[in-house]
2 protein chains.
Amino acid sequence: MSDSDTRAMLAVAVAEARAGLASGGIPIGAALYGADGTLLGRGHNRRVQDGDPSVHAETAAFRAAGRQRSYKGTTMVTTLSPCWYCSGLVRQFGISRVVIGEAETFHGGHDWLAEHGVEIVVVDDPECVAMMRAFIADRPELWHEDIGED
Amino acid sequence: MSDSDTRAMLAVAVAEARAGLASGGIPIGAALYGADGTLLGRGHNRRVQDGDPSVHAETAAFRAAGRQRSYKGTTMVTTLSPCWYCSGLVRQFGISRVVIGEAETFHGGHDWLAEHGVEIVVVDDPECVAMMRAFIADRPELWHEDIGED
């Protein structure tokens, strides 16, 4: 995968994160791409918008992609390091690659995924970091709720 | 937690699994209970019914419970050993206990959860085993799709 492909995919996840923020939600976005580079699904965290704690960005993108017989060769791109819930999704369904905007404001399960054969690309994107940093400073209680921290 | 409490909670998950099977779906059910024993949410796998691969039994019960500030002291009861996706959910949100109908037809991430401090109770319920065994024999391709096996 070329650097420009990675950037183009991450841009879709960032657009989702911005849309989530604009609608009063948590600014994390994701998209799932097929082995051939086709966009299968995209989405953002909707805890606030839908009152639904099960909709993280990655699960939203996974859901939007609908039923798939195999995830071999697919890429999940997400603006933030995937939490254990979303890392478990990646492992269970055999998603081949995870492109991560940043792992600085939150470090989820991506090392574990790498140990289990998932290709991990951490972009270290300054916009992703800035968006989460501002959000966490503004709404710490909401952020802690979203990751199950007391 | 007494054995009769465990049995009563498992009965709710089994009722969900049966409802899922009766509506043409995958017979796995779950329920989430609060620290005080209150039923917070219940549900079943709805891959077939909703065309939604993100709705496993445990995520359905978690969603039905709505937003919660903390999962400390909660119990997830499920008819089947939780897959990595659902195990990740339990770990991320700090669900304290998982009651599992059976882990014979499928062995998910419950050993990993135990290593990370989650209390695990495997009931070895013959009805749960029989229901999954019959379903897997009848619809092997659907079962493999649900757990991401090629």
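Visitor: Is Ala19(B) buried, partly exposed or exposed?

Guide: The general idea is to compare the relative accessible area with two cut-offs: under 20% is buried and over 50% is exposed. In this predicted model, Ala19(B) has a relative accessible area of 35%, so it counts as partly exposed. The residue belongs to helix H1 of chain B, which covers residues 3–22.

Visitor: Which class does Gly20(B) fall into, buried or exposed?

Guide: The relative accessible area of Gly20(B) is 0%, and therefore Gly20(B) is buried. Gly20(B) is also a residue of helix H1 of chain B. Beyond residues up to four places away in sequence, Gly20(B) touches Gly25(B), Ile26(B), His44(B) and Gln49(B).

Visitor: How is separation along the chain set against separation in space?

Guide: One takes a pair of residues and states both values. Ala19(B) and His44(B) are 25 residues apart along the chain, with 7.8 Å between their C-alpha atoms. For Gly20(B) and Gly43(B), 23 residues apart along the chain, the C-alpha separation is 8.7 Å.

Visitor: What are the corresponding values for Ala17(B) and Arg139(B)?

Guide: These two residues are 122 apart in sequence, and their C-alpha atoms are 15 Å apart in space. Ala17(B) lies in helix H1 of chain B and is buried, because its relative accessible area is 0%. With neighbours within four places in sequence left aside, the contacts of Ala17(B) are Pro27(B), Ile28(B), Gly29(B), Thr79(B) and Met131(B).

Visitor: How does one read burial for a whole helix, for instance helix H3 of chain B?

Guide: One counts its buried residues. Helix H3 of chain B, residues 57–64, is mostly covered, with 6 of its 8 residues buried. The buried residues are Ala57(B), Glu58(B), Thr59(B), Ala60(B), Ala61(B) and Phe62(B).

Visitor: Against which elements do the buried residues of H3(B) pack?

Guide: In chain B they pack against strands E1 (29–33), E2 (39–44) and E3 (75–80) and helix H4 (84–93). Helix H4 (84–93) of chain A is a further partner.

Visitor: How many residues of H4(B) are buried?

Guide: The count is 9 of 10, and H4(B) is thus described as mostly covered. Among the buried residues of H4(B) are Trp84(B), Tyr85(B), Cys86(B), Leu89(B) and Phe93(B).

Visitor: Which phi value does Asp124(A), a residue other than glycine, take?

Guide: Phi of Asp124(A) is positive, near 60 degrees. Asp124(A) sits in the loop between strand E5 (119–122) and helix H6 (126–138) of chain A. Asp124(A) is exposed, because its relative accessible area is 51% and the cut-off for that class is over 50%. In chain B, Asp124(B) has a positive phi of about 60 degrees although it is not a glycine, and it is found in the loop between strand E5 (119–122) and helix H6 (126–138) of that chain.

Visitor: How is a nonpolar core to be understood?

Guide: In soluble globular proteins, nonpolar side chains tend to be buried together. Here the largest nonpolar core has 60 residues. Those with the most contacts inside this core are Met76(A), Trp143(A), Met76(B) and Trp143(B). Contacts of Met76(A), apart from neighbours within four places in sequence, include Ala30(A), Leu32(A), Phe62(A), Leu89(A), Ile95(A) and Val99(A).

Visitor: Which values describe chain A as a whole?

Guide: Chain A has 7 helices and 5 strands, in the order α-β-β-α-α-β-α-β-α-β-α-α along the sequence. For 150 residues a compact globule would have a radius of gyration near 15 Å, and the 14 Å of chain A agrees with this. The C-alpha trace of chain A spans about 40 × 30 × 30 Å along its principal axes. Of the 150 residues of chain A, 57% count as buried.

Visitor: How are the contacts and charges of chain A summarised?

Guide: Among contacts in chain A between residues at least 6 apart in sequence, 55% join residues at least 24 apart. Chain A carries 13 positive and 21 negative side chains, and the centres of the two sets are 8 Å apart.

Notes
Residues numbered from 1 in each chain as written. Chains lettered and ligands numbered in written order. Predicted model: local features only at pLDDT ≥ 70, side-chain atom pairs only at ≥ 80, totals over all residues. Heavy atoms only, no water. Core = buried A, V, L, I, M, F, W, Y, C linked by side-chain atoms within 4.5 Å. Buried < 20%, exposed > 50% of the residue type's maximum accessible area, 1.4 Å probe, protein only. Contact = heavy atoms within 4.5 Å. Helix = DSSP H or I, 4+ residues; strand = E, 2+ residues; numbered from the N terminus. Rg over C-alpha atoms; globule rule 2.2 N^0.38 Å. Lys, Arg positive; Asp, Glu negative; His and termini not counted. Charge placed at Lys NZ, Arg CZ, Asp CG, Glu CD.
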